[in-house]
Amino acid sequence: MDSNSSDMIPLRQTSSRKRLDHKRDTICIFGTGDFGRSFGMRLLKSGYPVVFGSRDPKHSILLPSGAQVFSHADALKISKIIFLAVHRENYDFLPALSDLLDEKVLVDVSNNIRMNQYPESNAQYLAQLVPKANVVKGFNTVSAWALQSGSLDASSQVFVCGDDNKSKQLVMDVARSIGLTPLDQGSLLAAQELENYPLQLFPMWRLPFIITAGLTVFFFLYCMVIKVIYPYVEKNVDDTYRMMISIPNIVFPIVSLILLGLVYLPGVIAAFLQLYRGTKYKRFPNWLDTWMLCRKQLGLVAFAYGFLHVFYSLVRPLRYSSYWRLVRNVASQVKKNTTTEVEMIWVWRADVFYALGILGFSVFGLLGITSLPSVSNTMNWREFRFVQSKLGHVTLLLCTAHTAVLGWNKFLKPTSFKWGLPSGYILSMVIPCIVLVLKLILITPCVDRMLTRIRQGWERKEKSSGNLNI
Ligand code: NAP
């Protein structure tokens with residue numbers, strides 16, 4: 001009867017009962033430092049009995065109330081799972097405990113100061129030191145501060161890896177019970193990667209940041225030469241005030257447009273490379289891979305710069321210099337008793353310019369929103385590609401047209417080349433125009449058909465050094 005009734009316990013109930021059993025398991029923490037104490041406090045709050053193993057149990061201070069502290073040997077006798085909150089350099093006390101650690105789960109939470117600091121990961125080193133223990137790597141991406149304050153939003157994911165599946169599951173259950181999200185990363189071979197992870201600083205943003213910073217500085221200086229230094233040298237006019245609004249409002253759209261071009265340029269280069277090679281099964285060069293991987297970041301920076309351009313444009317009429325120029329024109333017309341007739345071409349030009357800008361920025365906003373994981377997760381692959389690729393190229397087209405209408409026919413007038421330098425807007429259109437022309441070639445039916453076949457797995461047969469490559 002008993003066995004029958006236990007057989008009838010539903011699966012969910014069994015697993016939750018199991019979890020409760022784990023909750024009752026005593027957890028041992030070696031090391032009463034920052035991480036050990038914070039982790040212990042968190043475990044206690046979640047209902048786990050906690051024992052600390054310390055070199056000096058009698059003098060351990062600031063331990064969370066409710067926890068007990070023993071020598072290493074005594075503490076690990078009480079628990080089958082031990083979190084090692086000690087730096088790798090101090091692991092040498094562990095081999096002496098090897099027999100007591102037999103079949104126990106030993107969790108390595110350690111990090112290093114530099115990436116790939118040691119030839120093997122700390123967890124692999126630990127496994128060599130105490131081969132009888134089941135070593136699991138985990139929790140190293142969670143900071144002591146986050147554990148203590150409870151603000152785990154940014155680091156609630158706990159990456160776990162280890163060679164023994166049962167031990168790994170045990171550690172993942174502990175993570176779950178204290179409100180973290182465990183992610184299984186496979187065997188202990190993944191430990192090096194997990195140890196490098198907290199040392200990374202915006203790895204995907206580095207290249208976009210360098211490109212953006214470089215372009216911003218270059219175009220700021222370029223515009224300074226044309227808009228401030230040139231009038232000062234040639235006409236003795238002080239236009240230094242332009243540094244605050246006018247020049248940034250030229251630099252932001254220029255850099256934004258170039259960055260947007262750089263988002264779509266690697267895609268067309270990749271397509272031409274596939275056409276040239278006649279296969280999609282050859283790896284792209286590393287530089288192209290790296291470039292493609294940071295397209296999202298380039299796009300987001302481009303959007304941020306576009307946003308700044310909108311703001312700066314909105315305040316332009318409020319500036320004293322704009323107000324003064326307007327009043328001066330009116331006063332001069334009143335003085336001369338003349339009225340300037342409206343030129344319809346300029347009216348049209350201004351309206352087309354603003355319309356293209358508004359449309360371009362709106363579609364750009366759509367691209368930015370759909371790149372958010374919470375939005376992109378609700379789209380299927382086709383929808384995502386439609387927005388990011390098709391609408392992306394439309395954005396590029398609208399923004400390039402917006403810039404071209406601004407420049408209008410200025411590029412035909414030699415006076416607009418100050419000291420022979422082309423205006424910034426001309427330079428900003430070079431990359432977008434290249435992308436748009438290349439894209440136009442790619443979407444012509446015959447090229448598009450060939451590219452689609454290649455992307456579906458077709459390969460061009462080529463004879464190279466007597467071999468037939470298929
Ligand atoms: P910590 O404040 O310096 O504490 C380390 C503890 O190790 C000491 O309190 C000491 O505890 C013990 N210890 C020191 N020398 C020892 C020795 N020779 N032999 C045996 N035990 C010794 O360091 P922590 O910040 O807590 O970091 C501990 C580990 O957690 C490190 O590997 C770190 O990379 C990792 N981690 C830390 C954080 C964090 O935010 N702090 C986050 C993730 C991972 P007893 O005096 O009780 O023996």
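Me: Is aspartate 99 buried or exposed?
Reply: Aspartate 99 counts as exposed because its relative accessibility is 58%. The cut-offs are under 20% relative accessible area for buried and over 50% for exposed, with partly exposed in between (1.4 Å probe, protein chains only). The areas come from the Shrake-Rupley method with a 1.4 Å probe, and for residues only the protein chains shown count as cover.

Me: What sort of model is this?
Reply: This is a predicted model, in which local features need pLDDT of at least 70 and side-chain atom pairs count only at pLDDT 80 or more, while totals for chains, interfaces and linings use all residues. Residues are numbered from 1 along each chain as its sequence is written, and side-chain values use heavy atoms, leaving out hydrogens and water.

Me: Which side chain meets aspartate 99 in a salt bridge?
Reply: Lysine 132 does, at 2.5 Å, N to O. A salt bridge here is a side-chain nitrogen of Lys or Arg within 4 Å of a carboxyl oxygen of Asp or Glu.

Me: Where are lysine 132 and aspartate 99 in the chain?
Reply: They sit in distant parts of the chain, 33 residues apart. Lysine 132 is in the loop between helix 5 (122-129) and strand 6 (134-137), and aspartate 99 is in the loop between strand 4 (81-84) and strand 5 (105-108). Helices (H or I, at least four residues) and strands (E, at least two) are DSSP runs numbered from the N terminus. Lysine 132 is partly exposed, at 37% relative accessible area.

Me: How many salt bridges does the rule give?
Reply: The count comes to eleven. One of these joins aspartate 74 and lysine 77, at 3.5 Å, N to O.

Me: How many residues apart are aspartate 74 and lysine 77 in helix 4?
Reply: They are three residues apart in helix 4 (residues 72-78), so about one helical turn separates them. Aspartate 74 is partly exposed at 36% relative accessibility, whereas lysine 77 is exposed, with a relative accessible area of 53%.

Me: What about glutamate 195 and lysine 137, are they buried or exposed?
Reply: Both are buried. Their side chains meet in a salt bridge of 2.9 Å, N to O. Glutamate 195 lies in helix 8 (residues 191-196) and lysine 137 in strand 6, so the pair ties together parts that are 58 residues apart in sequence. Salt bridges with shared partners also connect Asp108, Lys137 and Glu195 in one network.

Me: Changing topic, which residues form the positive surface patch?
Reply: Arg382, Arg385, Lys390 and Arg455. Patch residues have over 30% relative accessible area and no salt bridge; like charges are joined within 9 Å, and nonpolar side chains (Val, Leu, Ile, Met, Phe, Trp, Tyr) within 5 Å. Lys and Arg count as positive and Asp and Glu as negative, with His and the chain ends not counted. The place of a charge is NZ of Lys, CZ of Arg, CG of Asp or CD of Glu.

Me: Which helix gives the largest share of the positive patch?
Reply: Helix 16 (residues 381-407), with three residues. Arginine 455 lies in helix 19 (residues 445-455), and at 38% relative accessibility arginine 455 is partly exposed.

Me: Which residues make the nonpolar patch?
Reply: Leu201, Phe202, Met204, Trp205 and Leu293 make a patch of about 550 Å². Methionine 204 is in the loop between helix 8 and helix 9 (206-235) and is partly exposed, at 35% relative accessibility.

Me: Strand 1 next: which residues lie on each side?
Reply: Ile27 and Ile29 are on one side of strand 1 (residues 27-30), with Cys28 and Phe30 on the other, and all are buried. In a regular strand the side chains alternate between the two faces of the sheet. Strand 1 runs parallel to strand 2 (residues 50-54), joined by four bridges; two strands pair if DSSP finds at least two bridges between them. Cysteine 28 has valine 51 as its bridge partner in strand 2.

Me: What is phi of glutamate 103?
Reply: Near 65°, a positive value in a residue other than glycine. Glutamate 103 is in the loop between strand 4 and strand 5 and is exposed, with a relative accessible area of 58%. Tryptophan 419 also has a positive phi, of about 50°, and is in the loop between helix 16 and helix 17 (424-428). Most residues other than glycine have a negative phi.
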